[in-house]
Amino acid sequence: MAPIAPDRIVEGPAMLLAGLRRVHAFATAAESITEQWRAFRAIGTLPGQRGTAAYGVLCGADPQAQTFEYMTGAEVASFDGLSAEYGRMRIPAQRYAVFAHRGPAATLHLAWDAIWNDWIPRSGHQPANTPEFEVYDERFDPRTGTGLIEVWASILPA
């Protein structure tokens with residue numbers, strides 16, 4: 001198998017994201033994240049939503065507790081008009097290595113594993129320790145769980 005490589009390195013803009021934020025156990029994340037996506041899709045369009053892309057954001061892990069936080073969300077123009085039930089996240093302007101995942105969403109953890117454990121150590125880059133995310137746009141079919149998913153890994157300049 002060929003080593004993983006990014007499709008491009010980009011300077012990502014600052015964004016405001018809103019949606020559902022939940023903590024998941026590493027052991028059961030495949031099931032619990034699938035349920036989180038179902039709940040997020042049931043919401044429909046958020047107040048002030050920009051575009052149609054959805055984001056899956058990794059926003060913190062606790063290796064000792066074997067848990068991590070994940071947000072399913074969309075970009076919004078502002079947090080005004082959002083009810084308290086919605087999580088909010090400010091994504092800073094940041095450099096990203098962008099990878100294309102063309103397998104089923106259920107195998108996305110393999111792409112993240114390859115990025116963190118293969119590409120970053122080989123690349124000369126350091127993780128930026130800012131939120132990292134997946135982008136689900138018109139190239140992804142949520143009904144089948146297949147299509148292209150972009151994986152945006154935050155990095156510091158090499």
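**Exercise 1. Find the volume of the second largest pocket, and the residues closest to its centre.**

Step 1. The second largest pocket has a volume of about 310 Å³. A pocket here is an open set of points on a 1 Å grid over the protein atoms alone, where a 1.4 Å probe fits, with protein on both sides within 12 Å along at least five of seven lines. Points are joined across faces, edges and corners, and the volume is the space filled by probe spheres set on them.

Step 2. This pocket is lined by 15 residues, and Arg41, Thr52, Ala53, Ala54 and Tyr136 are the closest to its centre. A lining residue has an atom within 4 Å of a point.

Step 3. H1 gives the most to this lining, with 3 residues. Helices (H or I, at least four residues) and strands (E, at least two) are DSSP runs, numbered from the N terminus.

Step 4. Sort the lining of the second largest pocket by class: 8 nonpolar, 4 polar and 3 charged residues. Ala, Val, Leu, Ile, Met, Phe, Trp, Tyr, Cys and Pro count as nonpolar; Asp, Glu, Lys and Arg as charged; the others, Gly among them, as polar.

A note on the source: this is a predicted model, so local features need pLDDT of at least 70 and side-chain atom pairs pLDDT 80 or more, while totals for chains, interfaces and linings use all residues. Residues are numbered from 1 along each chain as its sequence is written, and side-chain values use heavy atoms, without hydrogens and water.

**Exercise 2. Describe the lining of the largest pocket.**

Step 1. The largest pocket has a volume of about 990 Å³. Of its 32 lining residues, Ile33, Phe68, Tyr70, His109 and Glu134 are the closest to the centre.

Step 2. At least two lining residues come from each of helix H1 (29-43), strand S3 (54-62), strand S4 (67-75), helix H2 (108-123) and strand S8 (132-136). H1 gives the most, with 7 residues.

Step 3. By class, the lining of the largest pocket holds 21 nonpolar, 6 polar and 5 charged residues.

**Exercise 3. Is glutamate 150 buried or exposed, and which side chains make polar contacts with glutamate 150?**

Step 1. Glutamate 150 sits in strand S11 (residues 149-156). Its relative accessible area is 9%, so glutamate 150 is buried. Buried means under 20%, exposed over 50%, partly exposed in between (1.4 Å probe, protein chains only).

Step 2. The glutamate 150 side chain makes polar contacts with the side chains of arginine 139 at 3.3 Å and tryptophan 152 at 3.0 Å. A polar contact is a pair of N or O atoms within 3.5 Å; within protein, one must be able to donate a hydrogen and the other to accept it, and residues adjacent in sequence count only if both atoms are side-chain atoms.
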